[in-house]
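Dear colleague,

I am passing on the structure below, and would be glad if you could look through it alongside the notes that follow.

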Amino acid sequence: MSTTDAHVVAQQTQPTEIGLPKDNKVLGLWIFLAGESAFFASLIGTYLGLHGATLHGPTAQSIFDLPLTTVATLILLTSSLTVVLGVQAMQRKDVRGMQIWLWVTALLGIFFLEFQGYEFFTFYNKGLTLHSSAFGSAFFTLTGFHGLHVLFGVFWILLLLFQSLKHGINEERTSKVFIASLYWHFVDVVWVVIFTLVYLAGKVG
Amino acid sequence: MAAIPERLAGIHHETRTYTGIWSWLASVDHKKIGIMYIVSALFFMAFGGAEALIVRLQLWQPNNHLVSAETFNQLFTMHGVTMIFLVAMPILIGFINAIVPLQIGARDVAFPRMNALSLWLFVFGGLFLYSSFLFGSMPDAGWFNYVPLSGAHYSPGVGIDFYDIGLQITGIGTLMTAINFLVTILNMRAPGMRLLRMPLFTWSALITMLLILFAFPPITVNLILQMFDRLFGANFFNIAGGGNALLWQNLFWIFGHPEVYIVILPAFGIISEIVPVFAKKVLFGYESMAMALSIIAFLSFMVWTHHMFADGLGPVVNSIFAITSMLIAVPTGIKIFNWLATLWGGRIHFKTAMMYALSFIPLFVIGGVSGVMLAMAPADLQYNDSYFVVAHFHYVLFGGTLMGALAGLYYWFPKIWGRVLNETLGKWNFWLVFIGFNVTFFPMHIVGLEGMPRRIATYSAGYGWTIWNQVSTVGAFILLVGMLILLYNLITTFMRKADAPGDPWDGRALEWATSSPAPEYNFAQTPLVRARDAFWVEKYEGDGTVPAAEPAGPIHMPSPSLAPIGIAFTLVLAGYGAVLHSAVIGGFFLLVTFWQIGRSLVAEDHGYHVTPQIGGGSQ
């Protein structure tokens, strides 16, 4: 085999038979999200198994405040849009635009967390706690872990934002912003499932 | 290791270097990480083995009082937890670390620092688990830790908290290993290394990592739920609070059954590597081997309820799960027959590695047959919770996993440590382990069918159990002698000069195409793979060297880093905070951990370049 052939082969360092992301970080994040799906599936399954066990405390039907949660849901879904706008700006090499949209995304995430904090506080005052009933345990654990994921995402996006403000952007950071955005979408999608299975189905009974 | 600095002589570093013990603590090299996994697993095996020996001594005669019943509970619990989580998985993950990147012609894994983090989470998680000894209360509710026995009411001590948090910490590390190796195997294969050209050990690693990816999140959730129950008074498993005890069993076995395949599939892979090499034949039915691995993995998620036949879930549930469980015998049988067909007509070389591999086949079949017996739900009600179950899973976990791991140890020792293990000692080691194993565990079938329940601290005379228990105990000490010979063999071989050739066994896969041990960059030039059995084909149909897929030149390497060990260490300190019910300690170290994680999220490693010496890294 001549050196030119060898060189041509070296260009095709990625396997071609399946259409996987070539960037290790991107593929790694997708695989991580598959594991996260199993994590949330287990938590959601736990919730669905225990949500009827309310003892004498508040039930899903009596305590959920749908208008409030709907607003929170809309806020979180909008943040998926803003993070896409941020990534698009980044791909246009518009660093300023990317930074603005990442700011907006993080802010929307914080708004969502404030709604969730308010909701937790209200529920707590109405007598629903982690140890009031199995329903309470399952509800706070499921939505709490989702909230922690949002919180982690907010910190992640802010970190990348501050890094870009300080050092600008390069190829490696671009890919980091992209995977943070993938993570952010996932957290939103999980919320859609939680909103449907916990809040909407819970209100219907 | 003395060999390492010599190997690096003449290579120019442009990054911070670490020497001595620090070069290990900061290492991100998959080969060093693999060595640390294997050595740690052997270290924990000494503990798990000692616990088993005390159990056997306690059962030597009826009404024995060598240890108290409470201690006995801790012994069998820690034996099970240790052997599954701290020995079987890490030793196999160690081989995967040391060998898979070489087999696919890669320079390292996809995320070298995350790989180091996985290792340290396992090591510190295991030490954390054992440190419960210092707090006077070790886990004692069995390795599957059923509620309500493991709940705060019946287990008020900190032992179960150590179980929950220790396994959580090692489990996070294992999940990261899964992500790392899935990306490595899918994305970093050398040119020409198509999926259906991958060695079967790499195939088994790929499928195992998929199992880990989907099986570990349920146990993560389960451990979180129990931690919340025990520490914060949640009601997941507390019946009075509306909880459900079966929830633990379901989540545990949704993890637990794939888990037993997580610890057997890599052993299948090892056997599939060794049998063709020492039978001097191409592996029979390569595609069906890969397909069987995939089918086993798929089915392994649909059988968990066979661990719960005695729960009374009803005939429909039990029937479905009995059938899916028995179905697994089909792909497993395919593998057994493929190995036998590979041996058929081969020129078999009885090296120690091959003898372990050959013993694996009948021992695993015995375990598989008793497995099918247990899968029959009505019959299972007779065997349930008896020593028959103990015999079954030791035949698959010891006769399968450990025999496979020991086969791998003899086979890959030269590639990992640069020295061939002594064959005479190897034969002694093999025969004593083989005989000791069967003398220990075969009588458990009989004593189980005679009705002896597992996990009893002692028994009365007159059931006819005494003689079989004594046979088992004698067998356990034969095993001990066999394992001590292994230890002696490992130490004396390691003291010798590193003189192993690159290819001591006339191997087939790419790991044998580089020197023993492989240089830190694995291959001076990324190999070009032209066929299955990439190295063998070049030896017997080509000019004996694997063609290069890239011109020679400086090689980019990731920098060593102390960040992974730091993250793992502070996470374990946070675990102590939780066990001690101290929100301050727990919260503080959790914050420190996340602060470090944040730093690594934005960190940029420019690495450094090494220039391979002429001839370095190839035959």
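Predicted model: local features only at pLDDT ≥ 70, side-chain atom pairs only at ≥ 80, totals over all residues.

On the matter of peptide bonds, the one from Ser516(B) to Pro517(B) is cis, with omega near -10°, and Pro517(B) is placed in the loop between helix H17 (466–495) and helix H18 (534–541) of chain B. A cis peptide bond is also found from Val147(B) to Pro148(B), where omega is near 0°, and Pro148(B) belongs to the loop between helix H5 (112–130) and helix H6 (159–187) of chain B.

Turning to chain B as a whole, I count 20 helices and 2 strands in it. Its radius of gyration is 24 Å, close to the 25 Å that the globule rule gives for 619 residues, so chain B is as compact as a globular protein of that length. The C-alpha trace of chain B spans about 70 × 65 × 45 Å along its principal axes, and 58% of its 619 residues count as buried. Among the contacts in chain B with a separation of 6 or more, 82% are accounted for by residues 24 or more positions apart.

One helix pair in chain B deserves a description of its own. Helix H13 (residues 352–375) and helix H15 (residues 387–417) of chain B pack with their axes 8 Å apart and at an angle of about 160°, which makes H13(B) roughly antiparallel to H15(B). The crossing of H13(B) and H15(B) is left-handed, and the residues of their contact divide into 18 nonpolar, 9 polar and no charged.

Among the strand residues, I looked at Ile555(B), which is in strand S1 (residues 555–557) of chain B. Ile555(B) has 23 C-beta neighbours inside 10 Å and therefore counts as buried. Which residues does Ile555(B) touch, not counting those up to four places away in sequence? They are Arg107(B), Tyr521(B), His609(B), Val610(B) and Pro612(B). By contrast, Val471(B) is 84 residues from Ile555(B) in sequence and 58 Å from it in space, C-alpha to C-alpha.

Chain A has 7 helices and 0 strands, so that, in keeping with the helix and strand assignment, its elements run α-α-α-α-α-α-α from the N terminus on. The radius of gyration of chain A is 21 Å, whereas a compact globule of 205 residues would have one near 17 Å. Along its principal axes, the C-alpha trace of chain A spans about 80 × 40 × 25 Å. Of the 205 residues of chain A, 40% count as buried, and 80% of the contacts between residues at least 6 apart in sequence join residues at least 24 apart.

Finally, as to how the chains meet, 41 residues of chain A are in contact with 41 residues of chain B. On the side of chain A that touches chain B, helix H1 (3–11), helix H2 (24–50) and helix H6 (134–167) of chain A each supply at least two residues, and the largest share, 14 residues, comes from H2(A). The residues of that side of chain A divide into 23 nonpolar, 16 polar and 2 charged.

With best regards

Methods
Residues numbered from 1 in each chain as written. Chains lettered and ligands numbered in written order. Contact = placed C-beta atoms within 7 Å. Helix = DSSP H or I, 4+ residues; strand = E, 2+ residues; numbered from the N terminus. Nonpolar A, V, L, I, M, F, W, Y, C, P; charged D, E, K, R; others polar. Rg over C-alpha atoms; globule rule 2.2 N^0.38 Å. Buried ≥ 20, exposed ≤ 12 C-beta atoms within 10 Å, placed from the backbone. Axes fitted to C-alpha atoms, helices over the stretch in contact; angles between N-to-C directions. Parallel < 35°, antiparallel > 145°, perpendicular 65-115°, else oblique. Left-handed = near helix turned anticlockwise from the far one by under 90°.
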